[in-house]
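Please look over the model shown here.

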Amino acid sequence: MTSYVENEGAQSFSFDEKELLDRVMAAVLDAEGCPYEAAVNLLITDGAGIREYNKNFRETDAETDVLSFPNLHFEKPGDFSGAEEEAADCFDPESGELVLGDIVINVERVNSQAREYGHSVLREFAFLLAHSLYHLCGYDHMEETEAAVMEEKQEGVLSKLGITRDQAFSY
């Protein structure tokens, strides 16, 4: 498993973003039964930065908390059986790892949403990672039933990691 993290801003956290990404990624991929070693890229930016990415890549001129850019098309969420059909586009030729995609997180929203929900910044960051990783595994939340499945999966992984909502708010 490989992860790459780039922080565009001056904001730092009291935790190691890469270590947290690796923990959440391992838990999500284990829960989904991913048969491959995988790679994910994470970019940490601010509100203006994520708005620019949203505008350029999704044609939505608005700030958001997290963006997910999957590299693999899933016929069924969490079903990795089609990955080899897209091997030329989905596997790193040097490492052989499945490149799941890219995550962009808005550090300003991490902080404001942690305050709003009354939990730790670490918990909010981990939640956004889990949310995005499930998108990279083919899940969505456009329909109410899809949203319920995704929410249950996110909470299950975070609970298993001991990253719960009842952790006190802190920086």
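**Notes on the sheet and pockets**

1. Strand E1 (residues 2-7) pairs with strand E2 (residues 38-45) in the parallel sense, over 6 bridges. Two strands pair if DSSP finds at least two bridges between them. Helices (H or I, at least four residues) and strands (E, at least two) are DSSP runs, numbered from the N terminus. Val5 has Leu42 as its bridge partner in E2. From E1 the chain crosses through helix H1 (residues 17-32) to E2, and this β-α-β crossover is left-handed. The convention: right-handed means that, with the strands pointing away from the viewer, the path from the first strand over the helix to the second runs clockwise. Please check this crossover by eye.

2. This is a predicted model: local features need pLDDT of at least 70, side-chain atom pairs count only at pLDDT 80 or more, and totals for chains, interfaces and linings use all residues. Residues are numbered from 1 along each chain as its sequence is written, and side-chain values use heavy atoms, with hydrogens and water left out.

3. What is the order of the strands in the open sheet? The order is E1-E2-E4-E3, 4 strands with mixed pairing. E1 and E3 are the edge strands, each pairing on one side only. From one strand to the next, the twist averages 15°. Axes are lines fitted to C-alpha atoms, for helices over the stretch in contact, and angles run from 0 to 180 degrees between N-to-C directions.

4. E2 also pairs with strand E4 (residues 98-106), in the parallel sense over 8 bridges. Leu42 has Ile103 as its bridge partner in E4. Leu42 is also the partner of Val5.

5. Two helices lie across the strands. H1 lies across E1, E2 and E4 and runs at about 140° to E1. H5 lies across E2, E3 and E4, at about 25° to E3. Contact means heavy atoms within 4.5 Å.

6. The largest pocket has a volume of about 270 Å³. A pocket is an open set of points on a 1 Å grid over the protein atoms alone, where a 1.4 Å probe fits, with protein on both sides within 12 Å along at least five of seven lines; lining residues have an atom within 4 Å of a point. Its lining includes Arg58, Asp65, His131, His135 and Met142. Strand E3 (66-70) and helix H5 (121-136) each give two or more residues. E3 gives the largest share, 3 residues.

7. The second largest pocket has a volume of about 160 Å³. Among its lining residues are Asp65, Gln113, Arg123, Glu124, His131 and Arg165. Helix H4 (107-117) and H5 each supply at least two. H5 gives the most, with 5 residues.

How values were computed
Points joined across faces, edges and corners; volume = space filled by probe spheres on them.
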